[in-house]
Amino acid sequence: MNNKNRLSPLWLALSVVIGILIGTFYANHFSGNRLSIINSSSNKLNNLLHIINDQYVDTVNINDLVEKAMPQILAELDPHSVYISAKDVEIANDDLRGSFSGVGIEFTIRQDTLHVQQVISNGPAERAGVIAGDKIIQVDDKPFTGKKVTNEEAMHRLKGPKDTKVKLGILRYGETKVRHIVVTRGEIPTKSVTAAYMLDEKTGYIRIKNFGENTYPELLIALAKLSQEDFRALCIDLRGNTGGYLQSAVQIANEFLPKNRLIVYTQGRKSPRQDYRSDGRGSYQKMPLVVLIDEGSASASEILAGAIQDNDRGTIIGRRSFGKGLVQQPITFADQSMIRLTIARYYTPSGRCIQKPYVAGDNKDYEEDLLSRYEHGEFFSEDSIKHEGKAYHTTGGRIVYGGGGITPDIFVAEDTTNVTSYYKQASMSGQIIMFAYAYTDDNRQQLSNYSTTSQLADYLKHQNIVDRFATYAEKNGLKRRNLMIQRSHHLLERYIISRIVYNMMKEEAWVQYLNEDDPAIKETLKVLQEKQLKK
């Protein structure tokens, strides 16, 4: 019997107890959260670690064993209690923290080479002279091409402490000589509010990507911008927003609710009920409001949508949200690794638990829930939505349902009318994104002549872009299917153009282009126009 087989039974038997021991020990001594442990069990587990270390037939790396055991331990509790290793903590926190230290570029990897997709305005890279379209082939005088060029390795080399320097070897379009540019790393903001513009003369639109430390002040800036354009109604787009900080969602809800309205409450076995209420200082308490959600809206997104819905403050439009209503508390260990441990549940003002059902220790059905919804037709028919929880009532007496996620007031189906297997393959394989970048890179000078989204989109619609994509994709292994391409022509063109717009302009331009023929946006305008007429 080889060593691997000999270790497997021991691993299965011991991983749980080892993880409990180590997790509990560090939580007690380094997080400030005192967890109750029975002395006899603690001594037994300590002894077990010593026995393994002293007497096991093969050499065992106890630290490595613990690292592997921790995620398995937490997986036995619920789907959202997780372990994050020390090397991954910074990455996990960057989006929510609101900034990170780096050079300030967005990149893509094409043919084993790092291509600069966008340069953050007034960031370190732009100030040093890096431009979109540059290829980074050296980092600190060492070649950086080939199989070692991965997203993880690129971020590792480009990120670093503020005010440190990194030397980039750049090959610019039309040049054969390598440029060497030294970039001094700095704080790079990560925006939560990625779009704020007018849908029509009276309707403002704000897209929130996640809920981080700076989301609320970003929202206030966006609202101020829309105020200058005299908006009279508002759409907040939370589609695809996976959540973030509870406090940010509470602050935003507070802007739109009258005084002393319940926004959300949390409660757990060791966490007494805590209510979060509006203070009446919000500046937009009576403005007509729509909130967009879909199956990708989770956690803090559901808190905001639930608060608006249960207080009858606005209209929720879209599809049923994800159903993530468990509260995690971060606990940091001495080696800077951390766990996010579920300590309570979120409840909407009407008393609904947002969390969808799960089986502790068995996440398979939970992880496949969205696929199951799709297969049962929930994305296409409102009648297919299954409400497993009991009925609740809003402040105005309307019936709403618990049991997992927020069900919208107005359902908007996912449009699959012209979806073909060719379109699915083109989308899911990444071929469209890669083609869009290649096209952008090869035509950047011409594309830069267009300063608005509509101008650029109109130009691209006359460039036979779908046929060019089909030729490119066929060379890369995606067989050409002319009848399917014809049927999915609009979808393919829309996706390709949206990615080129994203490459050439800011994310807001990308959002604005996609919203032009979005059914949820059309329904939003209809609802808000009716509200304004009634008002």
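**Two helices in contact**

I began where two helices touch: Ile465, Val466 and Phe469 in H16 meet His489, Leu492, Glu493, Ile496 and Ile500 in H18. Sorting the residues of this contact, I got six nonpolar, one polar and one charged. I kept in mind that this is a predicted model.

Next I looked up the geometry. Two packed helices are described by the angle between their axes and the distance between the axes. For H16 (residues 465-475) and H18, the angle is about 85° and the axes lie 9 Å apart. Angles of 65 to 115 degrees count as roughly perpendicular, so H16 and H18 are roughly perpendicular to each other.

**The nonpolar cores**

Which residues touch the most other members of the largest nonpolar core? I found Leu460, Phe469 and Leu492, in a core of 47 residues. Helix H18 (residues 489-504) gives the most to this core, with seven residues.

I then followed Leu460. Leaving out residues up to four places away in sequence, Leu460 touches Tyr439, Leu447, Ile465, Ile497 and Ile500. There is also a second, separate core of 42 residues, and Met198, Leu257, Ala307 and Ile308 are among its members.

Last, I checked the confidence. The protein chain averages a pLDDT of 87, and 90% of the residues score at least 70. Over residues 1-38, though, the pLDDT is below 50. That stretch still has 57 contacts in the model beyond near neighbours in sequence.

Methods:
Residues are numbered from 1 along each chain as its sequence is written. This is a predicted model: local features need pLDDT of at least 70, side-chain atom pairs count only at pLDDT 80 or more; totals for chains, interfaces and linings use all residues. Side-chain values use heavy atoms; hydrogens and water are left out. A nonpolar core is a set of buried Ala, Val, Leu, Ile, Met, Phe, Trp, Tyr and Cys residues joined through side-chain atoms within 4.5 Å. Buried means under 20% relative accessible area, exposed over 50%, partly exposed in between (1.4 Å probe, protein chains only). Helices (H or I, at least four residues) and strands (E, at least two) are DSSP runs, numbered from the N terminus. Contact means heavy atoms within 4.5 Å. Axes are lines fitted to C-alpha atoms, for helices over the stretch in contact, and angles run from 0 to 180 degrees between N-to-C directions. Angles under 35 degrees count as roughly parallel, over 145 as roughly antiparallel, 65 to 115 as roughly perpendicular and the rest as oblique. Ala, Val, Leu, Ile, Met, Phe, Trp, Tyr, Cys and Pro count as nonpolar, Asp, Glu, Lys and Arg as charged, and the others, Gly among them, as polar. pLDDT is the predictor's confidence in each residue, from 0 to 100.
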